[in-house]
Amino acid sequence: MTVALTVGVTLAGAWYGVAGLADGEGGLVCAATLTLYLCAVRAGRALIGIVALLGVCLAFQAPQAAAGMVLAERGRTEPVVVTSVEGGPQTPSARGRYLCSVIDQDGAPLKSRIWRGCGRTTRPGDTLTVVYDSKGSVPPRGRQARASAAGSLRELAPWAAALVVGCGAAVVRSYRLSHTVSGMPGQGCGEPGAVEVSSR
């Protein structure tokens, strides 16, 4: 449920141009809600921490995938001209990518720099093809071969699978503990009450 909500909320934000949702803030709310739920059922601090981390990672990864799905569904291609090339393997801030500043056919510069299709051999004056959203809800990006909505969704599969497994383990643990210490009060988030057994 949390995976579907995180992806769905982010996709809706990208589709309709709601910046707060498209940037992953809705996904972070979903992750926080899941964390509070696991605390309430005393799933164990270690598992709660792992699930919270995975939920945050999924929330941060979802915006790029959502933007890719939007562009795959209603994107339009347009040639642009490179005006400058920055970055590269020796530039940590660019994650080792080459970043191209470009202008459209009317000579207007694009606000975002393009890294897909921009490489070591790219020079000012070269032509690249970008995909842009006709409604302007997501920024343009360089055209990627075989790009599809399903392909963008598959990028989230490892994070989604890990989150599902983590949630399953946390819920199973809380279920077992609730039977082991049935009726005993907890001592904080994820910590069941101690059970002391004495014989006389």
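Colleague: Are C100 and C118 buried or exposed, and what makes them so?

Modeller: Both C100 and C118 are buried, a term for under 20% relative accessible area, with exposed being over 50% and partly exposed in between (1.4 Å probe, protein chains only). This is a predicted model, in which local features need pLDDT of at least 70, side-chain atom pairs count only at pLDDT 80 or more, and totals for chains, interfaces and linings use all residues. Residues are numbered from 1 along each chain as its sequence is written, and side-chain values use heavy atoms, with hydrogens and water left out.

Colleague: Why does C167 count as buried?

Modeller: The relative accessibility of C167 is 15%, so C167 counts as buried.

Colleague: What makes the link of C100 and C118 a disulfide?

Modeller: The S to S distance of C100 and C118 is 1.9 Å, and a disulfide is a pair of cysteine sulfur atoms within 2.5 Å. The structure holds 1 disulfide.

Colleague: Which parts does the pair C100 and C118 tie together?

Modeller: C100 lies in strand β2 (residues 98-103) and C118 in the loop between β2 and β3 (127-133), so the pair ties together parts that are 18 residues apart in sequence. Strands (E, at least two residues) and helices (H or I, at least four) are DSSP runs, numbered from the N terminus.

Colleague: Why is helix α1 called oblique to helix α4?

Modeller: Helix α1 (residues 2-16) and helix α4 (residues 45-74) pack at an angle of about 50 degrees, with their axes 8 Å apart. Angles under 35 degrees count as roughly parallel, over 145 as roughly antiparallel, 65 to 115 as roughly perpendicular and the rest as oblique; therefore α1 is oblique to α4.

Note on methods:
Axes fitted to C-alpha atoms, helices over the stretch in contact; angles between N-to-C directions.
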